[in-house]
Amino acid sequence: MKFQNAILSLATATLSGTNNVVDAKIWTLRGLGKTNNNNINEVTNNNNNEVVVNNHSDPSENLQELFLEEEQGERRLPKKDKKKKKGEEKKDDEAEGASEKKKKGKDGGDKKKDGDKKGKDQKKGKKDQKVGAEIYAEAPQDVAENAGCDDIVPVSDRRVLSNGSRRRRAKAGDDKAHAKTFSTKGNKDDLTSGACSSFATDGPLEPEESSGFRVDVPAEGRPGNCAPDAEFCEADEVGPDPTEVERGEADEVNEEKEASRQLFEGRRLTGNTNQIGEFAPLSCNPVEFDCTDAAGLSSVVGGGPVVVPCGTCLVYDLGDEATIGGLHIIGKLLVPTNYKSTLSTPYVFVQGELEMSDNQPISEDNTSMKIVLTGNTDVMFTPHEPVAGAAPLNVGEKPFLVAGGKLNIRGWDDVEGSGTTWTPILAMAEADRLHPDPIVGETAARTALPHLSNPTITCPNKVVHDFEGGVDFSVWKGGDGNVLSYDEANGTLAATNLRLNSQGFRLDFTKFTKDCPLTQDATYLVTIRLKIEDPTLEDGAVSICETNNHPDHCPKLGRSIIKAEGKGWLYDDKVRLLPSSIGRNNEWFTFATEWTWDENDLTDTVAQVFYLENFKPGQILHMDEFQFELPSPKAYAPVEDPCLELVVNGDAENADGRGWHHYPMWSGRTDRFIPTILEETVDGAVNKYWHIENRVWVGDSLRFHVNPQCFMLGSTYSISLRARFTGKTHPATYWFEIKGNTATKGYRYQKPLNCPSQSAADGWVTCSGDFVVDEYYEFTSSPEIILVTQDENDSTGYVDWDFDDVSIKFKSGPAAGLEVGGSDAARWAVNSDVHITSSTLHGQDAQDGRVKAVSQKANGNVVLELENPITPVFSEKETPGYGVEIAVTSRNIKIIGEDDGTYNGGYLQVFHTPGVAQVIEGVEFFNMGQSSRKNRFAIQLLYNGNVEGTSISSNSIRKSNMRCISVDGTANATIASNVGAGI
């Protein structure tokens with residue numbers, strides 16, 4: 001953006017809703033640059049992301065601003081002077097003035113000039129002025145005279161802009177305004193010069209009604225009632241209100257020209273630089289340097305600071321890595337185009353000229369000149385030629401200071417074909433879902449260990465006793481004298497005449513485990529199809545175990561491991577059949593369990609036996625099947641596409657154990673419940689579903705693990721399921737929860753789906769939604785997924801839940817490729833860093849990436865493939881006119897502030913250097929700016945006056961500790977196409 005009057009202007013703009021054309025005017029403020037007879041500024045947009053302000057005139061709007069003290073990080077006015085003092089009514093000898101006085105008296109009475117009183121108009125509820133409203137103000141006559149102004153600017157021409165809706169206007173009676181004066185906390189010299197010229201501020205101006213000007217002067221060296229650490233103290237009033245001054249229209253033009261001239265010729269600086277004069281090109285340097293056959297910089301490198309002598313041109317010739325004690329360029333330093341070197345130095349001073357350039361594609365691989373500002377010790381700067389108030393100057397730590405010198409840094413020339421620094425995203429190229437390698441036993445099925453005695457025999461993954469062809473009574477026993485029988489007609493194994501609860505079914509597993517050894521720590525599934533017939537109960541009656549939960553009437557499945565002599569004792573593991581899992585009397589039901597063997601279980605073991613016992617004496621037992629197996633491939637996601645569907649057997653239709661084992665679903669409370677597969681017939685079709693009962697906690701639900709490798713950052717998954725409940729009448733709600741340890745966020749409980757309230761009468765209700773994988777889903781191990789209910793407790797009771805068609809399905813990949821205009825990204829190359837703006841209302845949703853590949857499309861656009869996919873964003877394809885922007889943040893020329901663990905990086909400042917055109921184009925500024933320190937921005941133009949021809953363009957400011965680019969008291973600088981990220 002090119003400012004005809006830098007920041008010292010008031011801009012108004014209108015954005016057209018049809019073609020996004022900006023219609024803007026910038027009104028010139030007093031004492032700023034040269035103006036012509038027209039005073040309207042027109043703003044136009046060109047094709048280089050640059051706004052150019054052209055100066056014209058409007059006689060009806062001659063706005064001027066009184067600028068005051070500058071503070072760190074922003075330019076603002078000090079607090080209002082709270083001291084109040086009565087004044088006298090303004091006297092006016094002229095008839096017109098008397099008439100004006102009478103008019104004012106009629107409006108507001110005899111107003112006292114007291115700072116804590118308001119005029120009668122204001123007491124009646126006079127509305128606050130809007131931003132940009134005009135306020136008339138004047139400096140006392142004697143102050144203007146002391147300032148040495150050639151012509152005293154009449155009061156009607158000394159106007160101040162009100163900035164803020166709560167500012168009051170001191171209104172004049174007519175065009176020859178009787179204006180009120182304002183109190184300031186400015187320096188007395190500033191105030192004196194303020195009668196002729198301007199001071200910069202971005203903060204609000206607060207008027208205070210007073211009979212005269214109150215001057216606050218620096219406390220240092222001034223007697224009076226000043227605190228020892230005060231920067232400014234209040235002084236006595238300086239003279240009365242000035243009288244009205246009339247002038248003609250011709251004088252008005254002359255006064256405007258005089259005020260503009262004084263900006264550059266009679267200017268006084270504010271803050272801690274107001275005693276420092278201006279720096280000019282050194283008299284010992286030529287207008288143009290001849291660097292032909294110039295010596296290398298290495299010729300002046302010694303053990304301390306390096307100085308480029310005045311009148312001398314040196315060529316940079318240091319190695320890939322160089323460290324010096326400081327660099328003071330008094331003559332000229334020429335860095336050859338694309339020269340690669342990293343220079344570490346505590347400071348860079350430029351009083352002569354520094355020239356460097358780069359024309360390579362933008363890439364971290366093409367980094368050429370890198371200057372690293374180091375150290376945390378204050379540096380003193382002494383001008384080569386005397387400058388008022390500037391010998392020497394403490395310029396703080398890590399300075400890159402230009403004082404009278406010239407920068408000619410061209411890392412991105414604005415020429416045809418050079419592209420732009422940022423551009424809208426036209427479309428996204430989604431990344432495909434991941435295909436992680438299978439992990440045996442975790443994401444892929446195991447195979448049984450080889451046969452021990454005969455390598456030609458393959459050990460099965462499954463041992464099934466279905467009794468269709470008979471019973472192997474060598475391994476099946478009844479226990480404690482009970483005799484088993486074979487029901488040939490029904491193909492089942494029966495146990496009758498039970499007298500003891502230790503009788504039932506026993507399976508000697510020793511021979512099988514001897515021939516085909518078990519895999520240590522592997523999960524094995526045992527599924528039993530069973531029917532219990534109790535002659536004392538009607539068919540279909542609730543089992544006696546479920547009725548009275550008698551410890552001797554509820555079956556148990558156990559495992560006995562017998563050790564070799566002298567190697568240990570026989571010991572048992574038992575799993576109790578839950579009462580809720582036992583079927584009705586004389587009805588078939590399935591009982592499923594999981595078993596593992598650790599190292600101790602398998603060492604020196606000579607026999608293993610499964611047993612099913614603890615039945616009520618007199619009951620008759622029927623077994624239709626006993627199945628022992630390793631989980632099959634259908635208990636895992638498909639190896640060829642494991643991340644398409646993360647839930648395995650969510651519809652309960654494809655389970656192991658002949659379709660009845662719950663694995664890989666599981667329970668967190670096996671003493672209370674385990675997931676059970678049930679079936680129902682609806683409209684003639686048989687449907688299986690998951691059933692959970694005997695719950696005692698809101699998290700008692702279906703549980704399962706998913707492959708954490710599938711949670712690719714930025715990918716989108718769809719969750720859906722059907723659910724119903726029984727057991728209470730009031731509505732129930734639940735949410736989908738994914739929890740586990742993450743890489744950087746600790747143990748996380750994520751809730752990607754909240755389901756609405758439903759009632760028992762609703763039956764099956766479908767709940768679904770999408771979620772985007774972010775850093776909170778970067779789990780280090782398989783996360784646990786559960787369904788958590790609300791509004792349940794011990795007093796309300798816990799319902800029985802049914803779930804079906806549970807699914808977490810891949811919907812879309814992250815943005816792995818971003819399509820942009822080919823001409824815009826002409827210089828963007830592989831290994832360049834990019835910044836993608838936010839698609840939401842939150843800035844923290846912006847993303848960063850690095851270009852992995854650049855490919856050309858037939859339509860002239862290019863696709864930027866990123867190293868790591870990002871969360872999908874709005875592009876021009878989906879939302880025309882609202883696509884987010886992508887900016888390249890790498891530059892081949894870099895100026896970096898050393899990271900010393902503080903918020904104080906380096907800073908670049910062009911200081912009090914009027915009339916010298918600076919070129920800073922295509923530079924990456926990283927870790928620049930210093931927090932909470934005055935005038936320590938990443939880039940700053942500080943009180944340089946007219947610098948026509950200056951260009952600060954196409955730069956990148958990253959990780960700034962204090963804003964980006966600051967322009968103070970500087971005019972005619974072009975600032976365009978700069979990018980800031982991580983500010």
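Seven strands line up as an open sheet in the order S24-S50-S47-S48-S49-S46-S25, paired antiparallel. Here a strand is a DSSP run of E with at least two residues, numbered from the N terminus, and two strands count as paired if DSSP finds at least two bridges between them. Strand S24 (422-424) and strand S25 (427-430) sit at the edges with a single partner strand each, so one side of each has no neighbour in the sheet. On average, neighbouring strands of this sheet are turned by 35° against each other, direction ignored; the axes behind that angle are lines fitted to C-alpha atoms, and angles can run from 0 to 180 degrees between N-to-C directions. This is a predicted model, where local features need pLDDT of at least 70 and side-chain atom pairs count only at pLDDT 80 or more, while totals for chains, interfaces and linings use all residues. Residues are numbered from 1 along each chain as its sequence is written, and side-chain values use heavy atoms, leaving out hydrogens and water.

Within the sheet, S46 (residues 815-820) runs antiparallel to S49 and is joined to S49 by five bridges, with Val820 opposite Val862. Asn861 lies in the loop between strand S48 (847-856) and strand S49 (862-870). Asn861 counts as buried because its relative accessibility is 15% (buried is under 20% relative accessible area, exposed over 50%, partly exposed in between, with a 1.4 Å probe and protein chains only). Leaving aside residues up to four places away in sequence, Asn861 touches residues including Leu426, Glu819 and Val820, a contact being heavy atoms within 4.5 Å.

Note on methods. Helices (H or I, at least four residues) and strands (E, at least two) are DSSP runs, numbered from the N terminus.
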